[in-house]
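Colleague: Could we go through this model together? I would like to begin with the pairing of its strands.

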Amino acid sequence: ATALLALTVGAGLVSQGWILAADTWWTKSYSAKNGAFARRVNSAPHPLILASDGAVNVGELLSLSYWLQPHVQLLLQSRDAPIAIPAGYTDLFALLPGKALRAQLETDYLVRPFDGTWQWYVLVPRPPVGDTP
């Protein structure tokens, strides 16, 4: 019985070590790609992340904040109020843009999901009218 208890506790400790060393775990489906997304955002010289109100947005922003470097800026939208994007940002990203924010963004940007995520988006400037990609 003592050996079985020691084996169980030992297996639990090994498992906990694997979990602590991992960027994410299978139980973290919402935030599983936050590390990869943060690396993409951090690589931009002057990045801005836009976020509107949403059920999971606060938790996602808190989770992401542990990965972000100090040069990354966040701009939060209050409900359906229009958002003014300040000049000078080289790369724009969004967290689950609400209907109003998405409609506003889609006039000037292509709103593309970040690889393998459902909540993070990369904003790509639309080419001027008449230009072909």
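Modeller: We can begin with Ala-51, whose bridge partner in β2 is Leu-76. Helices (H or I, at least four residues) and strands (E, at least two) are DSSP runs, numbered from the N terminus. This is a predicted model, in which local features need pLDDT of at least 70 and side-chain atom pairs count only at pLDDT 80 or more, while totals for chains, interfaces and linings use all residues. Residues are numbered from 1 along each chain as its sequence is written, and side-chain values use heavy atoms, leaving out hydrogens and water.

Colleague: How many bridges join β1 to β2, and are the two parallel or antiparallel?

Modeller: There are five bridges between β1 and β2, and the two strands run parallel. Two strands pair if DSSP finds at least two bridges between them.

Colleague: Which residue of β3 stands opposite Ala-51?

Modeller: Leu-95 of β3 stands opposite Ala-51. Strand β1 (residues 47–52) pairs with β3 in the parallel sense, over five bridges. Ile-49 stands opposite Phe-93 in β3, and Pro-47 has Asp-91 as its bridge partner there.

Colleague: Is β1 buried or exposed?

Modeller: Six of the six residues of β1 are buried, so this strand is largely enclosed by the rest of the structure. Buried means under 20% relative accessible area, exposed over 50%, and partly exposed in between (1.4 Å probe, protein chains only). In a regular strand the side chains alternate between the two faces of the sheet. Both faces of β1 are covered: Pro-47, Ile-49 and Ala-51 are buried on one side, and Leu-48, Leu-50 and Ser-52 are buried on the other.

Colleague: And how many residues of β3 are buried?

Modeller: Strand β3 (residues 91–95) has four of its five residues buried, and is thus mostly covered. Four bridges join β3 to strand β5 (residues 120–125), and these two run antiparallel. Within that pair, Ala-94 has Tyr-121 of β5 as its bridge partner.

Colleague: What is the order of the strands in the sheet?

Modeller: The five strands form an open sheet in the order β2-β1-β3-β5-β4, with mixed pairing. The edges are β2 (73–77) and β4 (109–113); each has a single partner strand, so one side of each is left without a neighbour in the sheet. On average, neighbouring strands of this sheet are turned by 30° against each other, direction ignored. For that angle, axes are lines fitted to C-alpha atoms, for helices over the stretch in contact, and angles run from 0 to 180 degrees between N-to-C directions.

Colleague: Now the whole chain, please. What pattern does it follow along the sequence?

Modeller: The pattern is α-α-β-α-β-β-α-β-β, with four helices and five strands in the chain. Buried residues make up 28% of its 133 residues.

Colleague: Which residues touch the most other members of the largest nonpolar core?

Modeller: They are Phe-37, Val-41, Ile-49, Leu-64, Leu-68, Phe-93 and Trp-120, in a core of 14 residues. A nonpolar core is a set of buried Ala, Val, Leu, Ile, Met, Phe, Trp, Tyr and Cys residues joined through side-chain atoms within 4.5 Å. The elements that give two or more residues to this core are α2 (34–42), β1, α3, β3 and β5. Helix α2 gives the most, with three residues. There is also a second, separate core of 11 residues, which includes Leu-48, Leu-92, Tyr-109 and Val-111.

Colleague: With what is Val-41 in contact?

Modeller: Leaving aside its neighbours within four places in sequence, Val-41 is in contact with Pro-47, Ile-49, Leu-68, His-71, Val-72 and Phe-93. Contact means heavy atoms within 4.5 Å.

Colleague: Turning to the helices, where is Glu-60 found?

Modeller: Glu-60 is found in helix α3 (residues 57–65). It counts as buried, at 3% relative accessibility. Its side chain makes a polar contact with the side chain of Asn-34 (3.4 Å). A polar contact is a pair of N or O atoms within 3.5 Å; within protein, one must be able to donate a hydrogen and the other to accept it, and residues adjacent in sequence count only if both atoms are side-chain atoms.

Colleague: Last one: is Ala-84 buried or exposed?

Modeller: Ala-84 is exposed, with a relative accessible area of 65%. This residue lies in the loop between β2 and β3.
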